[in-house]
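Work through these exercises with the structure open beside you. Try each task before you read its solution.

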Amino acid sequence: MAVYERTYRRYDGELTPAWSRFLIVPRYALREVFRKRLFVAFFALCFVAPFISMLVIYFRHNLPALQLLEIPLDRLKDKLLIDARFFWLGMWFQGIESAVLVLLVAPALLSPDLRNNGLALYLSRPFSRAEYVAGKLAVLVYLLSLITLVPGLLLFFFQGYLEGAGWIGENLRIAGAVIAGSCMCILALSLPALAISAWVKWRPVARIALIALFLVPIGFAKAVNVALDTHWAWLLSLWHLIAALWAGLFGVESSVDLPAGAAAAALAGLFLACLWLLARRVRAYEVVR
């Protein structure tokens, strides 16, 4: 507007805290995500496995309810064991669905801003690069937490409620494994996806790159292991790193012959590499210091 008209008035409304500025990014990003019917349908489908697990826990403590189905209760009671392996298998189902969710959402988070030169508009305001990346990361963390961490903890406390006093205290390791395993899986899927979205501007190509990141290292690591008669090449496969870490956290046997500590260290290195790639890519055209 023209200055001589003297119609400009400064903003006199309530100021939001500085620490919460990054939340404006996921607010509008989630609005765009849930406008897509295909995503909403898939997101609803992600809760089918936790619902089935809840039914299994319920029937485990209410076996007479299955008499209408004419199922031999004495055999079923021995098979429906709610232990660390039960929650570990549930994590696997949700982990696969999390990967598909990342394929649907992540390529459209950073690439449009970079392709349309939108970063200059973001960073010209009192908004740092770290806050921008944190806002984009919060979108994936929020969505993935709803289908991994939240259902896992709800199932754990539901089992503890039905089992009676003492079960939760005796199985706190399972709750810790659900929390730590979910967080590591969320970061392992989100950070590489954001890094690819930042460096690959076209959504279809970004999705192909993500699929390659999830699948190609599996075959390559297997070939290296066979050729060199070793098992350390699994460090190159993202899914085997997650599998080895989950097996160590839940205390179950796994086909991946890889120590959980080595898997955690490799994932930490991957996180640092992704953050470095994001720092290199997410920047304005001109930065005045």
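The exercises below go from the whole chain to single residues.

This is a predicted model, in which local features need pLDDT of at least 70, side-chain atom pairs count only at pLDDT 80 or more, and totals for chains, interfaces and linings use all residues. Residues are numbered from 1 along each chain as its sequence is written, and side-chain values use heavy atoms, with hydrogens and water left out.

**Exercise 1. Find where confidence is lowest and where it is highest in the protein chain.**

Step 1. Recall that pLDDT is the predictor's confidence in each residue, from 0 to 100.
Step 2. Take the chain as a whole: the average is 86, and 89% of the residues score at least 70.
Step 3. Go to the elements. Helices (H or I, at least four residues) and strands (E, at least two) are DSSP runs, numbered from the N terminus. The protein chain has 14 helices and zero strands.
Step 4. Confidence is lowest in helix α4 (residues 73-79), with a mean of 58, and highest in α11, with 94.

**Exercise 2. Identify the residues that touch the most other members of the largest nonpolar core.**

Step 1. Define the core: buried Ala, Val, Leu, Ile, Met, Phe, Trp, Tyr and Cys residues joined through side-chain atoms within 4.5 Å. Buried means under 20% relative accessible area, exposed over 50%, partly exposed in between (1.4 Å probe, protein chains only).
Step 2. Pick out the residues: among 77 members, Phe-87, Leu-101, Val-105, Leu-143 and Phe-250 touch the most others.
Step 3. Name the main contributor: helix α11 (residues 172-199) gives the most to this core, with 14 residues.
Step 4. Look around Phe-87. Contact means heavy atoms within 4.5 Å. Beyond four places in sequence, Phe-87 is in contact with residues including Trp-167, Ile-174 and Phe-250.

**Exercise 3. Decide whether His-240 is buried or exposed.**

Step 1. Locate His-240 in helix α13 (residues 238-250).
Step 2. Apply the cut-off: His-240 counts as buried because its relative accessibility is 15%.
Step 3. List its contacts: leaving out residues up to four places away in sequence, His-240 touches Ile-218, Trp-234 and Val-256.

**Exercise 4. Classify Val-48 by its relative accessible area.**

Step 1. Locate Val-48 in helix α3.
Step 2. Compare with the cut-offs: at 39% relative accessible area, Val-48 is therefore partly exposed.
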